[in-house]
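Keep the viewer open while you read.

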Amino acid sequence: MTEIVDRLPPAAARPFRAVVNFMRLFVAAGGLLMAVTFCAVVIIRYGFSGNLFAYEEWLLAISFWTFFLGAALAAEKKSHVNADILGVVLGRTKLAWWRGLLVYIIELVIGLYIVYWCYLAVESEIIAYPLWETTTALKIPAVFPRAAILVGFFFMTLFNAIYLVFHLIDGPKGFEAAHPETEQ
Amino acid sequence: MIIFGSILIICGLLLLGVSVYIAFGAVLLFLALTGGHDITGYLPAGYWKMNTLVLLAIPLFMIAGAIMEKGKIAAPLVALAELFIGHIKGGLSAAAVVASGIFGSISGSANATLTCIGGIMMPHLRKANYPEGLSAALIVSASPLGLLIPPSSSHILYAWVAQQSVLKAFLSTVIPGIILILLLIITNQIALRKYKDIKVTDRPRDFVPEFKLQTRQALPALFMPLIILGGIYGGIMTPTEAAGVAVVYSIPIAIYVYRGLTWRSLISTLSDAGITIGVVMTMIFMVLIVSRFLIFEDIPTIARELVFSVSENPVVILLMVNLVMILIGMLMDDISGLLLSTPLLLPIVQSVGVDPIHFAAILGVNLGMANVTPPTAPLLYLGAQVTNTPVSKMLGPTFLFIFCAWLPTLAVTTFVPALSLWLPELLLSR
């Protein structure tokens, strides 16, 4: 399925598989919901001379979950954008393994830092109850979409940490063997 | 100190191979340490900036692009382009460029354009003995037409950041896009002169019936830009609504008309698109926070003073701005580049009399070119996979297209403002 689920022991892989499947489904449904909602807005406006009351409030909240769960899935698939210039130059050598290790460590440290400030922001909002910041019409608490950012970065960092562990387990020799030289 | 430190961190980490969003996270750490900013303000700052319907157009266009890519919507467009110019030497590769322009007007995405057109055209080109590296490089170089021919996600983003009209920003790159199409075709024709064994397809004996047939097949796909652009320019829909309608329209077209998708594969297409959306939106989130805190530190004024200390000549300043954008584009993706360079560079160019819509075109061409310029060049690497051609074979021809087509297009777009401003003024001056 994916590298993480494939390499983890079955007992540990099961919850990961469930989480990843849920995320995939949510992200697909969220994207479709966005499209259908905007289509409905146009149809209701011109077909029924009406409007979809305060749709932007719930749609944007769901969109945040769609975006950041999608980002977490991207970390799980190692799809986040990077300029892997050194990776191409170094090929699959021992030096490349050390570069990979450095990248994983930096990503973990900065990832934890991001999770930390996301946590502080969400925590300060939760503590403020009942004086929550809400949307104007539907009174959706701002903490709901903001929690998506925290959850997204948490999973991104978690997946990066797991890849760091895999990288360490592989070691330079395993790294070279697992990634045979291919012509770009 | 802050400006140089931030640049150093971003460049260093990107060159090392760290993800773009993490590189911006490191800048935020640096800003917190040096500027004494309250880190609990980071999340709300990004959230409020992103909490707008305008930005939803970007994921929606990405979904539409993904559906069209998997839905084989490009095939009839390619066949139509081939019908007209496939029978002359170099015609097949010219058809690929034209088809990229047409498909760009449907999908608004360079990635979708490259995957669709590259996947279809490359086997045809190989079969007709077209040189592999040159053809793959041409397809890659033409794919950013998806960013230049409206609708374009990056223009929506630019218009939002710069507080400009989306419609005018869309139109600003139409003429540069056409110039680029012509220059790519001419450069390719010249490069093909030394290849003698290229086969050409026969012109159909009954052109009119064949034309009718191909047009009928391509019509549902061609209807898409009509809905999107007609809806937007007719004032019927906002760009975000048009993107939503485009997604809903493309689903039955991909499933029932072109039969490239099934309901089951639609779900995996949507979730794959969701991953790409997640990547882009995370970068947008991080860049928005960074740019906000850079503005707090008055970095745009410092950058402006820095540029003006070198020269006050508008031509020199525009050259410097272009150079900076090329460097930014070489290191990061187009969305991050746009979000970072717009607040920094727009005040500089405006102070030498450049119209913000003209700058939209300059930025659009720069970012399009950056997508194919090594070392980052995401489209070049994607193109290598799509066309199954080694990057080493594509590098030389890619630089040929950059020097002979992209750079001249950038030069005329930068120094002839009428090319970007004439169409918006003509159509939207009411």
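A residue counts as buried under 20% relative accessible area, exposed over 50% and partly exposed in between, using a 1.4 Å probe and protein chains only. This is a predicted model, where local features need pLDDT of at least 70, side-chain atom pairs count only at pLDDT 80 or more, and totals for chains, interfaces and linings use all residues. Residues are numbered from 1 along each chain as its sequence is written, chains are lettered from A and ligands numbered from 1 in the order in which they are written, and side-chain values use heavy atoms, leaving out hydrogens and water.

Let's begin with B:Thr282, which is buried at 0% relative accessibility. You'll find B:Thr282 in helix α15 (residues 263–296) of chain B; helices are DSSP runs of H or I with at least four residues, numbered from the N terminus. The side chain of B:Thr282 reaches back to the backbone oxygen of B:Gly278, at 2.6 Å. Contact means heavy atoms within 4.5 Å. Beyond its neighbours within four places in sequence, B:Thr282 is in contact with residues including A:Phe68, A:His80 and B:Tyr21.

Now hop to B:Thr414 in helix α21 (residues 391–415) of chain B. B:Thr414 is buried too, with a relative accessible area of 1%. A polar atom of the B:Thr414 side chain lies 2.7 Å from the backbone oxygen of B:Leu410. Not counting residues up to four places away in sequence, B:Thr414 touches B:Leu318, B:Asn322, B:His358 and B:Ile362.

**A helix pair**

How do α4(B) and α14(B) cross? The axes of α4 (residues 57–70) and α14 (residues 239–257), both in chain B, come within 8 Å and cross at roughly 20°. The two helices are therefore roughly parallel, a label for angles under 35 degrees. Among the residues making the contact are B:Phe61 and B:Ile67 of α4(B) and B:Val247 and B:Ile251 of α14(B).

Most residues other than glycine have a negative phi, and most peptide bonds are trans.

| Residue | Phi | Relative accessible area |
|---|---|---|
| B:Arg259 | near 55° | 65%, exposed |
| B:Asn388 | about 55° | 61%, exposed |

B:Arg259 sits in the loop between α14 and α15 of chain B, while B:Asn388 is in the loop between α20 (378–387) and α21 of chain B.

There are cis peptide bonds to look up as well. One runs from A:Tyr129 to A:Pro130, with omega near 5°; another goes from B:Pro150 to B:Pro151, with omega near 0°.

How values were computed
Axes are lines fitted to C-alpha atoms, for helices over the stretch in contact, and angles run from 0 to 180 degrees between N-to-C directions. Angles under 35 degrees count as roughly parallel, over 145 as roughly antiparallel, 65 to 115 as roughly perpendicular and the rest as oblique. A polar contact is a pair of N or O atoms within 3.5 Å; within protein, one must be able to donate a hydrogen and the other to accept it, and residues adjacent in sequence count only if both atoms are side-chain atoms.
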